[in-house]
Amino acid sequence: MLSFRTFFLLSTSVLASVYAKSSTGNSVLVVVEPARQDDYSIFFNGLKDSGYDLTFRAPRAETPVIIEHDVPAFAHVIMLSPDSKSYAKDITPQSLVGLLSSNTNLLIALSPKQTPLTSLAQEFSLILPPPGTPLMSYFPQRDDPATVVPVNVSPAPMLSANSASVWFSGTPHALGNNPLLVPILRAPPESFAADSAGDSGATALVDSAEKGGEGLWAGSQMGLATGFQAHGGARVAWIGGVDIFSDKFAQKELPGGAKSGNAQFSRDLAAWTFQESLVLRIDETSHHIVNSTLSKEHYTTNDEITFTAKISSYTPTTGKWVPYSKIQDLQLEFTMLDPHIRTALRPVLGAPGKYSATFRAPDRHGVFKFIINYKRKGWTHLHSSTTVPVVPPRHDGYPRFLSAAWPYYIGAISTSVAFFLFSALWLAGDIREAKKAKKTQ
C-alpha cells in the first residue's frame with residue numbers, strides 16, 4: 001500500500017504534467033517588495049498552477065543571484081518593483097540585457113517615476129513621457145480616478161480570443177522604429193498622458209510633442225504593454241503599470257458591471273513572454289535533385305533542386321513539439337551575396353509540418369546558401385542557412401548539340417560542302433583540259 005507521501009508526490013507530478021509549461025524552463029525569479037507580494041496572489045497562483053517554480057526576492061536582497069558563474073540561474077525573471085530607486089549589484093540594466101543572450105525571458109513593469117528601468121526601456125526603443133505623467137482618461141464615465149483607465153483589448157495572436165477589457169494604471173510609452181517590437185496592448189483613443197496633480201507638466205509635454213511629433217502622448221498610438229523578441233528567441237514584455245497584475249484590478253468590475261479581464265490578460269502575457277505560445281522551430285532541412293532522395297555535396301548549374309524543411313510548434317499542455325503546417329507565407333532564398341532565387345515554401349499535403357519548394361539552379365557557379373528567414377510579429381523567428389556550391393558542368397556534361405547554335409552548324413556544313421564541290425569542279429576541269437590537249441596533238 002502506498003504511503004500518503006508517495007501518493008501526494010505522484011498526484012503532484014501528474015497534475016504538473018497536465019498544466020502548461022514553458023519551452024525553455026519553469027524556474028521563475030520574481031523581484032518584488034515583500035510587503036506587496038500578497039497584492040499579486042492571483043497572478044502568482046496562476047503561474048504556480050501552470051507548473052512554474054516561483055522564487056521571490058526583494059529588490060535590494062543579495063540572494064538568490066540571477067547569474068552565477070556567467071550562467072543564468074532562472075529561466076524567467078519578473079520585475080514587479082517599478083518604484084525602486086536602486087537594486088542589488090547583480091540587477092542592473094546591463095545584466096538584464098545580458099540575460100537575453102542566454103535565452104532568459106523578462107517581464108518588466110514600469111513606473112511613472114524615473115528609475116533604472118526607465119533607462120533600460122529606452123534601449124529597447126520605447127519612448128517614455130516625462131516623469132510624473134501617467135495615463136489619464138475621463139471616458140467612459142465612472143467613479144474611479146482619471147488615472148485608473150479601462151482599456152479595450154484588441155485582438156492579438158498571443159491573447160485569448162474575445163478578451164474582456166482590463167483596468168490599467170501607470171505610464172504609457174511610444175514605440176520606436178525597432179522592427180523587433182511587438183505591440184500587445186494599446187491605449188484608448190481618448191486617453192492622454194498628463195500630470196494628474198495639475199498642469200505643472202504641461203510645458204514638458206509640449207516640448208516632448210514638438211520633438212516626437214504632434215499627439216505623441218495622446219490616443220491609441222501610445223502603448224501600454226509591448227513585447228520585444230530578440231534574434232536568439234528570448235522575449236521581453238514591458239508593461240506600463242504593475243497594478244494590472246494586482247488582485248484589486250483582477251476582481252474589480254468594469255463600468256458596465258462585467259468582470260475585468262486582468263487575470264486572463266496577465267496569464268496570456270506571461271505565457272507569451274515565457275515562450276509557451278507562438279513558439280516555432282525548424283527541426284530539419286534537406287535538399288536533393290528532383291526524382292532523387294540523396295543530398296548532394298554540390299550542384300550543377302541548371303539542376304532541378306528540391307528543398308524541404310520540417311517545422312514544429314510547442315504545445316504547452318503536453319510539453320511536446322508537434323508538426324505545424326499553418327504557415328502560408330514562408331519563403332526560401334537561394335542566395336550568393338544577393339538572392340538569386342526567392343520562392344515560396346509551401347506546406348506539403350499529407351505531410352504535417354513539411355514544407356517544400358522546387359526550383360532550377362541559376363546559370364551561375366559559386367557558393368550559394370539556402371536561407372529561411374521568417375519573422376512575424378509575436379512568433380518565434382525562424383532562421384536556417386545551409387551552404388552548398390554550384391559548379392559548372394564537367395567537360396562531358398555539356399549537350400552534344402545546342403539548338404541555339406544551328407545557324408553556326410549550317411554555316412560550317414555549307415562551307416565544307418561548297419569547298420568540296422568547288423574542289424571537285426576545279427579538279428574535273430583540269431582533267432577535261434588535259435584530255436582536249438591530247439586530242440589536239
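The legends below accompany close-up views of a predicted model.

**View 1. Overall make-up of the predicted chain, with its eight helices and 25 strands.** In this predicted model, buried residues account for 43% of the 441 residues in the chain. Among contacts between residues at least 6 apart in sequence, 71% join residues that are at least 24 apart.

**View 2. Helix α2 and the elements packed against its buried residues.** Helix α2 spans residues 41-49, and its buried residues are F43, F44 and L47. These residues lie on the same side of α2, because they cover an arc of only 95 degrees around the axis. The strands against which the buried residues of α2 pack are β1 (27-31), β2 (53-57), β5 (76-79) and β6 (105-109), and the helices are α6 (247-251) and α7 (262-273). Just after α2 comes G51, which takes a positive phi of about 100 degrees.

**View 3. Helix α3, with its buried residues and exposed residues on the other side.** In α3, which runs over residues 93-101, the buried residues are S95, L96, L99 and L100. Their arc around the axis is only 160 degrees, so they are on the same side of α3, whereas Q94 and S101, on the other side of the helix, are exposed. The buried residues of α3 pack against the strands β3 (67-68), β4 (71-72), β5, β6 and β15 (235-239), as well as against helix α4 (116-122). Just after α3, N103 takes a positive phi of about 65 degrees.

View 4. S260 counts as buried because its relative accessibility is 6%, under the 20% cut-off. A polar atom of the S260 side chain lies 3.3 Å from the backbone oxygen of A250, and the side chain of S260 also makes a polar contact with the side chain of N262, at 3.5 Å. When neighbours within four places in sequence are left aside, the residues in contact with S260 are A164, S165, W167, F249, A250, K252 and L254.

**View 5. The largest pocket and the residues that line it.** This pocket has a volume of about 200 Å³. It is lined by 14 residues, of which D83, P112, S169, G170 and D243 are the closest to its centre. Sorted by class, the lining of the largest pocket comprises five nonpolar, six polar and three charged residues.

**View 6. Positive phi values at S125 and L337.** Although S125 is not a glycine, it has a positive phi of about 65 degrees, and its place is in the loop between α4 and β7 (126-127). With a relative accessible area of 23%, S125 is partly exposed. L337, likewise a residue other than glycine, has a phi near 70 degrees and is located in the loop between β20 (331-336) and β21 (338-344). L337 counts as exposed because its relative accessible area is 87%, over the 50% cut-off.

Key:
Residues are numbered from 1 along each chain as its sequence is written. This is a predicted model: local features need pLDDT of at least 70, side-chain atom pairs count only at pLDDT 80 or more; totals for chains, interfaces and linings use all residues. Side-chain values use heavy atoms; hydrogens and water are left out. On a 1 Å grid over the protein atoms alone, a cavity is a set of points where a 1.4 Å probe fits but cannot get out, and a pocket is an open set with protein on both sides within 12 Å along at least five of seven lines; lining residues have an atom within 4 Å of a point. Grid points are joined across faces, edges and corners, and a volume is the space filled by probe spheres set on the points. Ala, Val, Leu, Ile, Met, Phe, Trp, Tyr, Cys and Pro count as nonpolar, Asp, Glu, Lys and Arg as charged, and the others, Gly among them, as polar. Buried means under 20% relative accessible area, exposed over 50%, partly exposed in between (1.4 Å probe, protein chains only). Helices (H or I, at least four residues) and strands (E, at least two) are DSSP runs, numbered from the N terminus. The arc is that of the directions from the helix axis to the C-beta atoms. Contact means heavy atoms within 4.5 Å. A polar contact is a pair of N or O atoms within 3.5 Å; within protein, one must be able to donate a hydrogen and the other to accept it, and residues adjacent in sequence count only if both atoms are side-chain atoms.
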